[in-house]
Structures are given as C-alpha cells and as structure tokens.
Amino acid sequence: MGAQARRPPPRIALIDGNSFYCACERVLRPSLEGRPVIVLSNNDGCAIARTAEAKALGIAMGAPWFKIQHLEARGLIAISANFALYGDMSDRMMRVIGQFSPAQEIYSIDESFLDLTGLPGTGRDIGTQIRHRVLRWVGIPTCVGIGATKTLAKLANHLAKSLPRLQGVCDLSGLGRAELMRAIRHVPIQDVWGVGRKLAPSLESSGIRTAADLALADRHVLRRRYSIMLAKTAQELCGEPALDWEDAPAPKQQIMSTRSFGLPVRELAELEQAVSLFTSRAAEKLRLQHSHASAVQVYIRTSRFKTGPWHADSAVVPLDSPTDSTPTLLRAALSGLRSVFRPGFDYAKAGVCLLDVRPAVPIAAQGELFDFESSGDAARSGRAMAVVDQLNQRFGSRMVQVASALHEADARWLMRQAHRSPSYTTVWRDVVEVG
DNA sequence: TCTGGGGTCCTAGGACCC
DNA sequence: TCTGGGGTCCTAGGACCC
C-alpha cells in the first residue's frame, strides 16, 4: 500500500486549437488577424469554424452561408474549407504537443490528450509552456484543460476557453472531491462531453442541470434509464477513469466518401460519375490503412430542405470476398446505385460507404480454397492499385482515375468553393508569394 | 440559387438455436 | 404441435463527437 500511496495522481491534459480552421487561415494570411473570419463547409454550405470576432457578430456554429452572407458588409470574411491545409497544420501542431509527454492520444484534427502523470512541474506551468511553444512554432493559439480523467480534461478545457482570467489554462487535477464539485457546479449539463442535444433536455427534466449534478447522480439509475456511456461520464466527472487510453488510432471500421452537389443532379450518368469518384477516393483510404472491405453501401437523396418530390434510398452490396480493388468496389457501387436510382428526381447528395473494413490478410489465406485463378487476379489487382496510388500521391490526387469518374472540370455536380484560399503548404504552385 | 463530411458506440429487436 | 426460457448473432437506427 505504501508504494501505491506515493503514486502520483493522474493528470490528463486536453489541448485544442482555438477556432482551429480559422487559425490555420490566419497563419498564412496575417491580415486576417483581429477580423471576423469564418470557414465554410464543403459546397460553401455553412459555417464550420468562427473566430471570436465572428462569434461576436452573432454567427452560430453551422449557420447557413446564405443567411449570414449579408454580414460581409460588416467586415465578415468567409473562406472555403481547405482540409489539406488543416491536416498539414494539424500534423505540425500534434508533433510539437507530443514533445511534452510520451503518451499522446490524437483525438481529432485539432484536439490531443496528453498524459502528464508524474511529469515535473505544475499543470499550469506545463500547460502554459505548451501554449507558448505551439503558438511560436506553429502559429496556432490553443487552450489547455487538465483533470484526473479525459472527461474532466475536456471540461477543464471548456473552462479555460470561457473564463479569460485563466489565460488559456485550467487545471482541475489534484482537487479534493468537494473542491472539484464546487469547480464544476456552474457548468451546464449540455457542455459536458457525451451529453448532446437529445440527452440534455431529458436530464434537465430529471433535475440534472449541471456537471456536478451528473457527477453526484446515482450511477445505477443512469445506467438503467439512459446508457452505460452516461454512467461512465458520471464516473469520470468524479475523477475515476472509465474511458480507455488509445495510443494509436484504431483502423477505421468503415470508410466513407460523400458530397452534396453544387447543382441538382437528375441523370443516372452523372450520379454514376459522382459515385465512381467517391468509390475511388474511399478505396484509396482503404488501401492507405492496409484494409479490405466486404460490402459497399451507396446512397442517394434529394435535398432535405427543398419542397417537392422527395426520394432517398440506399443499398448494401456484399462482395464475394474482402477486397481493396477499386474496379471490384466500383462494380458493386454502381450496381447498388442502379438499384436505388429512380428517374425524375433532383438529387442533392450521394455517398459511398465501405463496410466491414478489416485489416488485409495475405491473399493465400483468404477467399475460396483452391481458387488459384482469382488469387492471381487479386495479386495483379493489388499491384495495379499500388501503382495508381503512387501516381496520385506524386502528381496530384486525381492524376489517375477510373474512366467513369472523368475529369472533375467536366462535372457540373462538383461543389462550389467560391471562397477558396490557395493551398500554400500542400500544393507547389500555391506556395505563398512574399509581397 | 444557397443548410458539411466522417466517424464511433450502444441498444433494441428479430432470427435462430437448444 | 405448442409453449417457454435462455442464449447468440446480426442489423438498423439513434445519439454523440468534431
């Protein structure tokens, strides 16, 4: 028990970028500093990131662009999303954060957990150092929340963001139970990680209105009336870990590629083009993680927002054996598409989802026993796919495509990106000019 | 004209078996 | 043939996350 008692208390940090996508744009265009900026989703549909100045204009997360466009007159700057840039900036930021601890879990493009347990220095000191280094080396402003569990780290991060006097760092680790409850008793229940827009009203009607209320609620009742996840959240809010630590990202179990269209699509031929492109993108992701899929799902749908004839359907096409071959996946996707397509509708969106994704096993160990001929095909197909992926990586992502996807420039269904900024860090011809 | 995309996990319910 | 219970597996759908 003696050794046990001296073990340092758990200390988990959550570091995330403030208005991350906007911050990435600002790194390369310093003139955006101090101005209201938003980043628009694919298709310039809605706001998916907002600077503090944009929030001050009253712009909500997810606000449709056509409803807020008039704010351009008041200085609002809108930028079409550039996910290649954000991914690149994310890699740099995560590497710098990873210098502070050997145990890092990258949770999303702009969020990273870091295990600070046993490291020298107070949480506040380490958090402040992280913020300064990321800002100086990468140019991204961050906030740091620290707690005994992941859920408390998330909550502390939320406090660090909302209380200016904390200067971007909030450390809830090392607090006694009573102090901890005092610290979280003003946090509304809907701000707790794992409580969303459906759960919040339901909990409120049972008298659970704050994070502290949830922490103190009866876990058996939570388990019975809601779910095991909510019971775990309550446990974590008390400082008792209930969620696992994931050092390496688990391979995806499903892989999607889907887009809304820039213009309504009526013709099967155009949908085939789009579905072909989505399938080849998804297949690339599949091969990147060295996996095979056993089924392909295709879906199409008309607009959720327009009145008029409505149609949405999806089909799952099982494959004879798991594969990563674009042509095989494509045949399945297109047959699925033909089975759900109905003429006479204005389709607004389509998507492809690879299902039952598992790590690839050696060709000899899969498929039909004694099926030498198809094994040979699989080997040839594997080599061809590797060449296609190499060419695409080297010369640009659409260099080599299945013929039915055609050239993007010919596709009228492609998304709008009216506010696109150059891909400074990822495309040579866009490398920033000094001026 | 104009409302994102990509994921995970849990649960309920049905099919099937003994 | 009917009834019942217990168990597993699978799938669809919901809720949540960023």
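In this predicted model, the strand β9 provides the largest share of the surface near DNA strand B, namely 6 residues, where strands are DSSP runs of E with at least two residues and helices are runs of H or I with at least four, numbered from the N terminus. Local features need pLDDT of at least 70, side-chain atom pairs count only at pLDDT 80 or more, and totals for chains, interfaces and linings use all residues. Residues are numbered from 1 along each chain as its sequence is written, chains are lettered from A in the order in which they are written, and side-chain values use heavy atoms, with hydrogens and water left out.

DNA strand B is surrounded by 24 residues, and the closest are S41, M256, T258, R259 and S260; a residue counts as near if one of its heavy atoms lies within 4 Å of the strand. Of the atoms of DNA strand B that come within 4 Å of the protein, 69% belong to sugar and phosphate.

| Protein atom | Atom of DNA strand B | Distance |
|---|---|---|
| M256, polar backbone atom | phosphate oxygen | 2.7 Å |
| R259, polar side-chain atom | sugar or linking oxygen | 3.2 Å |
| S260, backbone N or O atom | phosphate oxygen | 2.5 Å |

Two or more residues of this surface come from each of α12 (228–237) and β9 (255–265).

Elsewhere, helix α13 (residues 268–288) packs against helix α14 (residues 326–340) at an angle of about 140°, and their axes are 9 Å apart; axes are lines fitted to C-alpha atoms, for helices over the stretch in contact, and angles run from 0 to 180 degrees between N-to-C directions.

Note on methods. A polar contact is a pair of N or O atoms within 3.5 Å; within protein, one must be able to donate a hydrogen and the other to accept it, and residues adjacent in sequence count only if both atoms are side-chain atoms.
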